[in-house]
Amino acid sequence: MSADTKTLPSRSAPADNRPGSGRTVMLVVVLVAELMNALDGSVVYTALPSIQHDTDASGAAVQWIYAAYALTFALGLMTGGRLGDLHGRKRLFLLGTGVFTAASLLCGLAGTPALLIAARFIQGSAAAVMIPQVLATLHVTFDEGSRAKAFSLYGTVMSLGSVAGPVLGGVLTCADVFGLGWRPIFLINVPIGLATVLLGLRYLPESRDLAARRLDLTGMILAALGLLLITYPLTVGGAHQWPAWSFLMMAGGLLTLAVFVVQQRARAARGRDPLVVPELFKSRAFAAGLSAQLVFGLLSGVFFLTWAVFTQDGLGLSPRQAATGFVAASVGEMAGAWLAMSLAGRYGGRAPRAGALLAAATLGGYAWLITEQNTALSPVLTLLPMLPAGLGLGMIGAALADMTLRQVDHDHAGSASGLFNTSTQLGIALGTASTAVVFFAHSPAGSHGTTVTAAFTGSLWYVIAALLAMWALMLLLPKRHATG
C-alpha cells in the first residue's frame with residue numbers, strides 16, 4: 001500500500017474505527033510528548049546552580065541554558081504546525097520526538113556550557129516540530145463526544161508539567177542518581193522518547209491538509225524574525241536593565257509581524273498556501289481563545305516566578321518547602337481539569353469561567369492574608385492557598401484548548417495548534433518580563449523580609465486583573481454541546 005493511501009483525510013475520524021485500546025495508547029503517546037516538553041521548559045530552574053558549578057558556566061551562559069530552549073520553541077511553533085498540515089502530522093511528530101530525544105541525550109552528556117546551550121537550541125527546535133502535532137492530532141482524531149475529555153487531559157498534562165518541572169529538577173539533582181548530579185533531568189527523556197517513537201509508529205494515525213501544496217518560506221522568515229525581535233529582549237532584557245535596544249527590538253518585531261499579516265493576506269488572496277490561514281481569525285471564538293491563552297501564559301509567568309521568590313526570600317522557607325507548594329498547585333490543577341471535564345457536558349463554558357473567578361478570589365484572599373500577617377505568615381497558610389488556586393487554573397487550562405479549536409476546520413488544525421502554542425509561549429515570556437516591573441522594581445535582587453512580601457502582594461493584583469480579563473474573553477468562546 002502506498003504512503004498516499006495510508007494517509008487519512010483530515011476530515012475523517014480515524015480513531016472511531018480503531019479499538020478503544022489503540023485509541024488509548026495513541027492518547028498516551030501524544031500526551032507523554034507534551035509532558036516531556038512542559039517539563040523541559042522549566043526543569044532547569046532548580047538545577048541551574050548545580051549546572052553552573054559543574055560546568056563553570058558564566059552568568060550569561062546560565063541564562064542561555066534556559067533561554068535557548070524557550071526561544072527556539074516559541075519561534076518554530078507556527079512553522080512546525082504548518083509543516084504537519086503539509087507533510088503529515090504523524091510524520092512530523094515522530095521526527096520531532098526523535099530529534100528531541102537525541103538532543104536530550106546530548107544535553108545529558110554535555111561537558112561544557114557551549115555544548116549544553118547548543119543542545120538546548122536543538123531540543124527547543126525539535127519540540128517546536130513535535131508539539132503542534134499533539135493538539136492537531138487530538139483535534140482531527142477524536143469525535144465530538146470524546147474530544148472534550150481528550151483536551152481536558154491535554155490541559156492537565158500541560159499545566160502539571162510546567163508546575164512540576166522545578167520540583168522534578170530539584171528532586172533528580174539532589175538524588176544524584178549514579179553520581180550524575182543534574183544530568184538525569186535530561187537523560188530521563190531518552191527511554192521515554194524512544195518508547196514514544198516506537199508506540200507512535202504503530203498507533204498514531206496519519207492526517208494532513210490534502211489541499212495544501214508548499215510551505216510559505218517568506219511567511220516563515222517574517223514570522224520567525226518578528227517573534228525573535230519580541231521574545232529575545234523579553235527573555236534577556238531584564239538582565240541588562242532594559243536598555244534602549246530592547247525596546248527598539250520589540251518595536252521592530254511588532255512592525256515585522258504587521259508586515260507578516262499583510263503578506264499572509266496577500267498570499268491567501270492569490271490562492272497560495274499561507275503559513276497562517278487568515279480565515280482562522282474570522283472566527284471570533286478562535287481570536288478570543290488565542291487572546292485568553294496569551295493572558296493565561298502571562299499570569300502564569302508572573303505568579304509562579306514571584307511566588308517562588310516570595311516564599312524563600314520573603315518568608316525564609318526552604319527550597320523543599322517551596323517545592324511542596326508547587327506540588328499542591330499541581331494536585332489542584334489535576335483536580336480542576338477533571339472537574340471541568342465532568343462539568344463540560346452540563347455547564348459548558350461556565351466551568352472554566354468559574355475556575356477563573358475561583359483563582360481570582362483565592363489570590364485576593366491570599367493578598368489580604370499576607371498584608372495582615374506579613375513575614376509572620378505560617379508555612380501552612382503560605383502553602384495551603386496553592387491548592388484552590390491550582391484548582392481554578394486547572395479548570396481553565398483543561399477547557400481552553402478545546403473551546404478555542406473546536407470550530408477550526410480539520411485541514412487547518414496544525415496551523416491553529418501552532419498559533420495556540422505560540423500564544424502560550426509568548427504569554428509566558430511577557431509574564432516573565434513583566435516581573436521586572438510588577439515585582440523586582442519593588443524588590444531588587446538581594447531583598448528579604450517585608451520588602452519581598454509587599455512586592456509579592458502588589459504583583460498578585462496584576463495576576464487577579466489578568467484572571468478577570470480571561471473571564472471576560474471566555475464569554476466569547478463557544479459553548480460545548482452536551483456529550484453523550
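Trainee: Is Asn374 buried, partly exposed or exposed, and what is its relative accessible area?

Mentor: First, this is a predicted model, in which local features need pLDDT of at least 70 and side-chain atom pairs count only at pLDDT 80 or more, while totals for chains, interfaces and linings use all residues. Residues are numbered from 1 along each chain as its sequence is written, and side-chain values use heavy atoms, with hydrogens and water left out. Buried means under 20% relative accessible area, exposed means over 50%, and partly exposed lies in between (1.4 Å probe, protein chains only). Asn374 is therefore partly exposed, with a relative accessible area of 26%.

Trainee: Where is Asn374, and what is its phi?

Mentor: Helices (H or I, at least four residues) and strands (E, at least two) are DSSP runs, numbered from the N terminus. Asn374 sits in the loop between helix H14 (350–373) and helix H15 (379–383). Although Asn374 is not a glycine, its phi is positive, at about 50°.

Trainee: Which loop holds Phe178, and is Phe178 buried or exposed?

Mentor: Phe178 lies in the loop between helix H7 (144–175) and helix H8 (184–187). Its phi is near 55°, a positive value in a residue other than glycine. With a relative accessibility of 78%, Phe178 counts as exposed.

Trainee: Which residues of H9 are buried, and why are they on the same side?

Mentor: Helix H9 (residues 189–203) has 15 residues and spans 20 Å from first to last C-alpha, close to the 21 Å expected at 1.5 Å a residue; the expected span is 1.5 Å times one less than the number of residues. The buried residues of H9 are Asn189, Val190, Gly193, Thr196, Val197 and Gly200. They are on the same side of H9 because they cover an arc of only 125° around the axis, where the arc is that of the directions from the helix axis to the C-beta atoms.

Trainee: Which residues are exposed on the other side of H9?

Mentor: The other side of H9 has its own list of residues. Those exposed there are Pro191, Leu198 and Arg202.

Trainee: How are the rings of Trp307 and Phe326 arranged as a pair?

Mentor: The structure holds 13 aromatic pairs; rings of Phe, Tyr and Trp (its six-membered ring) pair if their centres lie within 6.5 Å, and planes under 30 degrees apart count as stacked, over 60 as edge-to-face and the rest as tilted. Trp307 in helix H12 (residues 284–314) and Phe326 in helix H13 (residues 319–347) are 19 residues apart. Trp307 is buried at 0% relative accessible area, and Phe326 is buried at 9%. The ring centres of Trp307 and Phe326 are 5.6 Å apart with planes at 85°, so the pair is edge-to-face.

Trainee: Which residues do ring pairs link into a cluster?

Mentor: Trp307 and Phe326 both belong to this cluster.

Trainee: How many residues apart in sequence are the parts tied together by Arg120 and Asp40?

Mentor: A salt bridge is a side-chain nitrogen of Lys or Arg within 4 Å of a carboxyl oxygen of Asp or Glu, and the structure holds five. Arg120 and Asp40 form one of them, at 4.0 Å from N to O. Arg120 lies in helix H6 and Asp40 in helix H2 (residues 20–42), so the parts tied together are apart in sequence by 80 residues. As for cover, Arg120 has a relative accessibility of 0%, and that of Asp40 is 1%.

Trainee: How far apart in sequence are the parts joined by Arg183 and Asp54?

Mentor: The side chains of Arg183 and Asp54 meet in a salt bridge of 3.4 Å, N to O. Arg183 is in the loop between H7 and H8 and Asp54 is in helix H3 (residues 48–55), so this pair ties together parts separated in sequence by 129 residues.

Trainee: How far apart in space are His412 and Asp85?

Mentor: His412 is placed in the loop between helix H16 (386–405) and helix H17 (413–438). In sequence, His412 and Asp85 are 327 residues apart. In space, C-alpha to C-alpha, the distance is 6.7 Å.
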